[in-house]
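The sequence and structure are shown first, and a description by topic follows.

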Amino acid sequence: MITETHTIAVIGAGGKMGMRVSDNLAKSAHTVSYVENSPAGRERTLAAGRDLTDAATAVADADIVVLAVPDLALGPVTAELVPLMKSGAIVLTLDPAAAYAGLLTTRDDVVQAVAHPCHPSIFLQRQSPAEWADTFGGIAAPQDAIAAVESDDETHRQIVETTVRAIYAPVVDVHWVTVKQLAQLEPTLVETVACMVGALLAEALHETVHTMGVPEDAARSILYGHVQVALANGLRGDNPFSDACLIAMDYGRESIIKEDWKKIFRDDELDRNLARMLHLDSMGR
Ligand SMILES: NC(=O)c1ccc[n+]([C@@H]2O[C@H](COP(=O)([O-])OP(=O)(O)OC[C@H]3O[C@@H](n4cnc5c(N)ncnc54)[C@H](O)[C@@H]3O)[C@@H](O)[C@H]2O)c1
């Protein structure tokens, strides 16, 4: 178990992720400073009982700077703050897109790291109502996290791991990958595919109720149960799908999925996807 404490600066402390990571860091033994520039974000930080620090002061002391600012702001924010960091410190972003796109200001003596929460697994054995309620993670339900650190130094990895375990707590495993692999996981695997399927399910439910006229309670109930079966059978092989179901699944695949859909796993398509997400004409790498 890692018990070291570090000096941590959270930039964007009043945003969605900033509030989540700050709520957890405030319970930790780390020395934390909170930085926020919008009036609403400053108000949220103060209302949570946390003091605000100016960016230059917070960053100068930090062993690790957590950038909880929007992805589109990471370029200008790193341009401003990375030059102020102490030598050997770590800059941690919470999404790989901007780092993989090469948008961040880097320094030879400042380590770049990225860490993303996995969110609690649908197969997690939840023990309490609080764990059931925590679908996002970081409050009560245990989750894994994925991290990438661009340094071979074990000390850097340990600081990142300690920080990741604190900001996304409770964390079971931290999985180490490269920044590129993290970008292949998020967005490609989980946003482009999994979140898109989640939104498609909501649209299918809407059509069932509003176009076909099925009572909403019935449609919602059968969908929720079947989503669990689809995921348990599809991802874990809990039970085989029935023969009739397999035929209906083939019809669904032929009708809904484009034949060339696996192009999303190519590097050039990842670049296209990220450029779109980051509002860039093309990737800067
Ligand atoms: N929202 C999520 O579910 C989620 C999940 C995982 C990772 N992330 C990542 O977390 C990061 C933050 O996303 P978010 O959704 O929390 O954004 P957000 O827009 O909710 O919050 C960003 C905060 O940063 C503040 N900010 C902007 N520029 C600043 C600056 N120069 N100095 C100080 N504060 C500044 C804003 O005022 C705002 O309060 C992004 O990299 C995002 O990809 C988000």
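## Overall fold

Of the contacts in the protein chain between residues at least 6 apart in sequence, 63% join residues at least 24 apart; contact here means heavy atoms within 4.5 Å. The model is a predicted one, in which local features need pLDDT of at least 70, side-chain atom pairs count only at pLDDT 80 or more, and totals for chains, interfaces and linings use all residues. Residues are numbered from 1 along each chain as its sequence is written, and side-chain values use heavy atoms, with hydrogens and water left out.

The protein chain contains eleven helices and seven strands. These are DSSP runs numbered from the N terminus, helices being H or I with at least four residues and strands being E with at least two. The C-alpha trace spans about 65 × 45 × 40 Å along its principal axes. Of the 285 residues in the protein chain, 39% are buried; buried means under 20% relative accessible area, exposed over 50%, and partly exposed in between, with a 1.4 Å probe and protein chains only.

## The ligand site

The ligand is surrounded by 18 residues, and the closest are Lys 16, Met 17, Glu 36, Ser 38 and Asp 71; a residue counts if one of its heavy atoms lies within 4 Å. The space that the ligand takes is the second largest pocket. A pocket is an open set of points on a 1 Å grid over the protein atoms alone, where a 1.4 Å probe fits, with protein on both sides within 12 Å along at least five of seven lines. A molecule sits in a pocket if more than half of its atoms lie within 2 Å of the grid points.

A polar backbone atom of Met 17 is 2.7 Å from an oxygen atom of the ligand, and a backbone N or O atom of Gly 15 lies 3.3 Å from an oxygen atom of the ligand. A nitrogen atom of the ligand is 3.4 Å from a polar backbone atom of Asn 37. Taken alone, the ligand exposes 840 Å², and the protein buries 79% of that; such areas come from the Shrake-Rupley method with a 1.4 Å probe.

## Helix 1 and strand 2

Helix 1 (residues 16-26) has buried residues, namely Gly 18, Met 19, Val 21, Ser 22, Asn 24 and Leu 25. They pack against strand 1 (7-11), strand 2 (31-35), helix 2 (39-47) and helix 7 (154-167).

Val 35 is found in strand 2 and, with a relative accessible area of 8%, is buried. Not counting residues up to four places away in sequence, Val 35 touches residues including Val 10, Ile 11, Leu 52 and Ala 58.

His 116, in strand 5 (residues 111-117), counts as buried because its relative accessibility is 10%. The side chains of His 116 and Glu 186 are joined by a polar contact of 3.3 Å.

Most residues other than glycine have a negative phi, and most peptide bonds are trans. His 119, in the loop between strand 5 and helix 6 (129-133), has a positive phi near 75°. His 279, in the segment after helix 11 (267-277), has a positive phi of about 60° and is exposed at 63% relative accessibility. The peptide bond from Ala 169 to Pro 170 is cis, with omega near -5°.

Terms used. A polar contact is a pair of N or O atoms within 3.5 Å; within protein, one must be able to donate a hydrogen and the other to accept it, and residues adjacent in sequence count only if both atoms are side-chain atoms. On a 1 Å grid over the protein atoms alone, a cavity is a set of points where a 1.4 Å probe fits but cannot get out, and a pocket is an open set with protein on both sides within 12 Å along at least five of seven lines; lining residues have an atom within 4 Å of a point.
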